[in-house]
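Here is a short briefing on one protein chain. Look over the sequence and the structure first, then read the points below.

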Amino acid sequence: MEHKAGFVNIIGNPNVGKSTLMNALVGERLSIITSKAQTTRHRILGIVNGDDFQMILSDTPGIIKPAYELQNSMMSFVKNAFEDADVLIYMVEIGEKELKDEAFFNKIVHSKIPVLLLLNKIDKSNQEQLEEQVAMWAEKVPNAEIFAISALENFNVQGVFDRVIELLPVSPPFYPKDTLTDKPERFFVNETIREKILLNYDKEIPYAVEIDTEEFKEDETIIRIRAVIMVERETQKGIIIGHKGAALKRVGTQAREDLEKFFGKKIFLETYVKVNKDWRSNANQLRRFGYNQK
């Protein structure tokens, strides 16, 4: 039996459901899912293994016009996703008309590799609107195969999965067969805490935050974690902590509950807040947090 393996990269505008799709395909929650834009900052690999295949899925940040250095770095992850893909998944949602960056859109239209265009959130549309959207995208991206899906409701996700496997090149696996992701444990601690901040705070606060897990000590029955929540200004620090520490405590409790499910162990989580002025515009700081990796 021939073995297939390849890189399947998911791109699209913010909030179209890329992370939801990847988590549905992988069967694990690897990517942050919230209703806020730009929740995915890194390029996250999720690996699906079968006896005769290895599908390496890459969830990328939503395509935006960068306003500061962090966003430039986020868009470089998207650029790289074009370069090493064996199959490209371009995800749009019902009612969407265009990609926010014309250069990226041209790359999709002129792609030499197979492109699957996934029209997501069809549970929010009717048959007439769906047919109109399929016809519009078929004209805009004539090189793509179109799948109407609902990632959230898991509708037609299996159809996409099966087609991707058909398109994968014959190849030995790139990673050991028991690998779920290329990211270390600390990455998922950081992302889980960041997700809770996205859910619990408004306006600029979530976007000014980065998490740094300073300590991750795993014993047989418990994992002890110490994580720093970085903000850019003293006022943001006060908002994160909240009155008598209540807001920070809520974030810590929610993150601990999710991490216990993820790792299957009791978690002792200690969080504190630190000001790291203008980290989003500082190239050295961004490198430290895993951005600007050339």
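Contact means that heavy atoms lie within 4.5 Å. This is a predicted model, in which local features need pLDDT of at least 70, side-chain atom pairs count only at pLDDT 80 or more, and totals for chains, interfaces and linings use all residues. Residues are numbered from 1 along each chain as its sequence is written, and side-chain values use heavy atoms, with hydrogens and water left out.

**The whole chain**
- The protein chain holds nine helices and nine strands. These are DSSP runs, numbered from the N terminus: helices are H or I with at least four residues, strands are E with at least two.
- Of the 294 residues in the protein chain, 52% are buried. Buried means under 20% relative accessible area, with a 1.4 Å probe and protein chains only.
- Take the contacts in the protein chain with a separation of 6 or more: residues 24 or more positions apart account for 72% of them.

**Gln133**
- Gln133 sits in helix α4 (residues 127–140).
- Gln133 has a relative accessible area of 6%, so it is buried.
- Leaving out residues up to four places away in sequence, Gln133 touches Glu93, Ile94, Gly95, Glu96 and Leu119.

**Ile11**
- Ile11 belongs to strand β1 (residues 4–12).
- Ile11 is buried because its relative accessible area is 0%.
- Ile11 and Tyr90 are 79 residues apart along the chain, yet their C-alpha atoms are separated by 5.2 Å.

**Helix α6**
- Helix α6 (residues 185–200) has 16 residues and should span 22 Å at 1.5 Å a residue. The expected span is 1.5 Å times one less than the number of residues. The end C-alpha atoms of α6 are 23 Å apart, which agrees.
- Twelve of the 16 residues of α6 are buried, so the rest of the structure largely encloses this helix. Among them are Phe187, Asn190, Arg194 and Leu198.

**α6 against α8**
- Two packed helices are described by the angle between their axes and the distance between the axes.
- The axes of α6 and helix α8 (residues 246–263) come within 9 Å and cross at roughly 140°. That makes α6 oblique to α8. Oblique covers the angles left over once those under 35 degrees (roughly parallel), over 145 (roughly antiparallel) and 65 to 115 (roughly perpendicular) are set aside.
- Which residues of α6 meet α8? They include Glu185, Phe188, Thr192 and Lys196, and on the α8 side the partners include Arg250, Gln254 and Phe262.

Notes. Buried means under 20% relative accessible area, exposed over 50%, partly exposed in between (1.4 Å probe, protein chains only). Axes are lines fitted to C-alpha atoms, for helices over the stretch in contact, and angles run from 0 to 180 degrees between N-to-C directions.
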